[in-house]
Amino acid sequence: MSRFWIRRTFIAFIAPLLAALGAAQESGGAKSTRKLTVGFSQIGAESAWRTAETESIRGEAVKRGVHLRFTDAQQKQENQIKAIRTFIAQKVSAIILAPVVETGWEPVLKEAKAAHIPVILVDRGVSVADDSLYVTLIASDFVAEGKLAAEWLAKKLNGKGNLVELQGTVGSAPAIDRKKGFEQGIAASPGLKIGRSESGDFTRAGGKQVMEAFLKAAKGEGTKIDAVYAHNDDMALGAIQAIQEAGLKPGSDIIVVSIDAVKGAFEAMVAGTLNCTVECNPLLGPAAFDAVEKVLAGAALPKKTVVQDQLFDQSTAKAAIGSRKY
Ligand code: AHR
């Protein structure tokens, strides 16, 4: 091949190819330096619901190529505050926060705002005087959940009975609101009374321990517990175990209602030990990252997005169990 042809071939084919490769590498490099880093401060791993929420957010980050900095606060607000401060120091693009309790967030949220880092709340709300401290809250309506559970139970017990309540984590939005909603729901049935109410901290062990104490106290007084209302399925499953160990039949001797609609609750409804559960959808990853992307693109977001939930009982559990995703 003559020098002329070698030069022509280079100009016509090889030079553009090298240029294209270079551009691709450059844009690939530029893209990777622009990869979004998002901090996620999770409460802990107290329940099956919480695990499903963590998986949803982690999975969505992977799907979207987001670098997720994940921290587990082991149920402690101070750990969440520390994590947020670390995210600020690391200059993350956004923070996703599932706050363990409602109060005490102002100082750290102000620091995030001063650093121009948007905070997206998932699952639980906060109580702050200035709601510009967070961008948006994506969560279920906990009051409505409690009300639904109460109305179902009032019907089941024909408006009469001795109830006990297993509350969630003290000071948390779902514990406060599910209690409130339940009380609203039984208000029309003066024959329904909550005799005892204590926190089982949203855990199965906590639910079991508190229910054991309730059963012991009822035995001592010679009273009967007609139903237990648990603020989540894990505590209800713990209570079911306590009822069985006390020689009673959960689901018939004592009616059990709860909230979350995790797989274990469906299994218990099919087995006849749990009567009813109100769904609280933990699959918040897609909505959380939609919010992150929108706020970083400068779009306005609603202050609250309410996740739609529904009630399941033993009459619908069998048909639904196969399609449950958590
Ligand atoms: O905030 C949601 C609640 O927290 C879920 O109902 C419960 O299971 C979890 O631990």
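K63 and E60 both lie in helix α2 (residues 48-64), three residues apart, about one turn of the helix; helices are DSSP runs of H or I with at least four residues, numbered from the N terminus. The model is predicted, so local features need pLDDT of at least 70 and side-chain atom pairs count only at pLDDT 80 or more, while totals for chains, interfaces and linings use all residues. Residues are numbered from 1 along each chain as its sequence is written, and side-chain values use heavy atoms, with hydrogens and water left out.

K63 and E60 form a salt bridge, with 3.8 Å between the closest N and O atoms. The term denotes a side-chain nitrogen of Lys or Arg within 4 Å of a carboxyl oxygen of Asp or Glu. K63 counts as exposed at 68% relative accessibility, whereas E60 is buried, at 8%. Here buried means under 20% relative accessible area, exposed over 50%, and partly exposed in between (1.4 Å probe, protein chains only).

R64 forms a salt bridge with D290, the closest N and O atoms lying 2.8 Å apart. This pair links distant parts of the chain, from R64 in helix α2 to D290 in helix α10 (residues 285-296), 226 residues apart. R64 is partly exposed, with a relative accessible area of 25%, and D290 is also partly exposed, at 35%.

R64 has a salt bridge with E293 as well, at 3.3 Å between the closest N and O atoms. E293, in helix α10, is 229 residues from R64.

Elsewhere, salt bridges that share partners join E46, R50, E53, D123 and R124 into one network. The structure holds 18 salt bridges.

Definitions and conventions:
Helix = DSSP H or I, 4+ residues; strand = E, 2+ residues; numbered from the N terminus.
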